[in-house]
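Please look through the sequence and the three-dimensional view below before reading on. The report that follows is meant to be read with both of them open.

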Amino acid sequence: MKIIPIFLFLTLFFNAQVLEKYPDFQAPYVGGYQAYYKDFHDIIKEKDLQPCSNPNEIYQFSILVTEEGSIQFIKDLNEKNTKNNKCAYNLAREVAKYQNKWNPAVVDGVKQSAVARFIIYPADLFENYREGYVPNYTPPIYYDKKTGERRNFSKDFVMKFDKKRFNWYDLFVIMAEFTVTTDGKVKDIVITKSSGVEQFDKEIKNTINILSKTWKPATINGSPIEDRFSFAIKGITEVEYY
């Protein structure tokens, strides 16, 4: 008998009644993303909210928009990232309390709860705000330094991960993320959902470090910024009989 680990990559999932993201061509805010950021800016002025002392803070704000059009905050499991961007994090949540144009997702004519995501870059939302604003943002890119072409991080992770060290039978989901610096380096690796096996989690971090030299940083308004890259793994071990 031989235990063979099999790894499949998947996106973050919720139960069947909650969509992980909005369907194409639908926006989580009435009037679209431009309206979301306009209201964000107007609320900043109306409530006399203060800008962040660190102009480089940036935060990917995730929120659940229910089928009734209300909102629920989603806990960010990466405490280090929220600490490093605490002002942007708090600002997004404070403003959301006053926003009232949330738009439920619709699938086959039926309203459904869905996760909405917004890039919050406070430096653009105070004195630098302009009409029609949406963030000019690109996420971190995993790429081949020799060819300059984008590579498949999921595929390379599976190839590099040392599966032979583990031989238990189980079904599990692991979530991890890390920060890509402005120099394209990887730091602050965090397992946001553990496998429950310490050595397995360590091997995930080791594999990320092996793949850490081939990143282009995220950018906003054309300038490189530190930003996080998140992924999830669904793992299952199968028994092979001879």
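## The protein as a whole

The structure shown here is a predicted model, and its 242 residues include 45% that count as buried. Among the contacts in the protein with a separation of 6 or more, 79% are accounted for by residues 24 or more positions apart.

## Helix α1

Helix α1 covers residues 32-46, and its 15 residues should span 21 Å at 1.5 Å a residue. The end C-alpha atoms of this helix are 21 Å apart, which agrees with that expectation.

Which residues of α1 are buried? They are Gly32, Ala35, Tyr36, Tyr37, Asp39, Phe40, His41, Ile43 and Ile44.

## Two loop residues with a positive phi

Most residues other than glycine have a negative phi. Phe25, however, is not a glycine and has a positive phi of about 70 degrees. This residue lies in the loop between β2 (18-19) and α1, and Phe25 counts as exposed because its relative accessible area of 88% is over the 50% cut-off.

Asp48 is another residue that is not a glycine and yet has a positive phi, in this case of about 55 degrees. Asp48 follows α1 and is found in the loop between α1 and β3. Is Asp48 buried or exposed? With a relative accessibility of 57%, Asp48 counts as exposed.

## The second largest pocket

The second largest pocket holds about 160 Å³ of space. Its lining is made up of Asn54, Asn56, Ile58, Asn78, Lys80, Asn81, Asn84, Asn85, Thr179, Asp188, Glu226 and Asp227. Sorted by class, this lining has 7 polar, 4 charged and 1 nonpolar residues.

Which helix gives the most to the lining of this pocket? Helix α2, which covers residues 79-84, gives the most, with 3 residues.

## Two residues of strand β9

Glu177 is found in strand β9, and the residue counts as buried because its relative accessible area of 8% is under the 20% cut-off. The side chain of Glu177 makes a polar contact of 2.6 Å with the side chain of Asn78, a residue that also lines the second largest pocket. The side chain of Glu177 makes a polar contact with the side chain of Ser230 as well, at 2.8 Å. Once neighbours within four places in sequence are left aside, Glu177 is in contact with Asn78, Asp188, Ile189, Val190, Thr192, Arg228, Phe229 and Ser230.

Val180 is also found in strand β9, which covers residues 171-180, and Val180 is buried, with a relative accessible area of 0%. How far apart in space are Val180 and Arg228, which are 48 residues apart in sequence? Their C-alpha atoms are 5.9 Å apart. Leaving aside neighbours within four places in sequence, the contacts of Val180 are with Pro140, Lys185, Trp215, Lys216, Pro217, Ile225, Glu226 and Asp227.

A polar atom of the side chain of Ser113 lies 3.2 Å from the backbone nitrogen of Glu67. Not counting residues up to four places away in sequence, Ser113 touches Gln17, Val18, Leu19, Leu64, Val65, Thr66 and Glu67.

Asp201 lies in helix α6, which covers residues 198-210, and with a relative accessibility of 11% the residue counts as buried. The side chain of Asp201 makes a polar contact of 2.5 Å with the side chain of Ser194. Beyond residues up to four places away in sequence, Asp201 touches Ile191, Ser194, Ser195 and Gly196. Ala176 is 25 residues from Asp201 along the chain, and the C-alpha atoms of these two residues are separated by 9.4 Å.

Terms used: Residues are numbered from 1 along each chain as its sequence is written. This is a predicted model: local features need pLDDT of at least 70, side-chain atom pairs count only at pLDDT 80 or more; totals for chains, interfaces and linings use all residues. Side-chain values use heavy atoms; hydrogens and water are left out. Helices (H or I, at least four residues) and strands (E, at least two) are DSSP runs, numbered from the N terminus. The expected span of a helix is 1.5 Å times one less than its number of residues. Buried means under 20% relative accessible area, exposed over 50%, partly exposed in between (1.4 Å probe, protein chains only). On a 1 Å grid over the protein atoms alone, a cavity is a set of points where a 1.4 Å probe fits but cannot get out, and a pocket is an open set with protein on both sides within 12 Å along at least five of seven lines; lining residues have an atom within 4 Å of a point. Grid points are joined across faces, edges and corners, and a volume is the space filled by probe spheres set on the points. Ala, Val, Leu, Ile, Met, Phe, Trp, Tyr, Cys and Pro count as nonpolar, Asp, Glu, Lys and Arg as charged, and the others, Gly among them, as polar. Contact means heavy atoms within 4.5 Å. A polar contact is a pair of N or O atoms within 3.5 Å; within protein, one must be able to donate a hydrogen and the other to accept it, and residues adjacent in sequence count only if both atoms are side-chain atoms.
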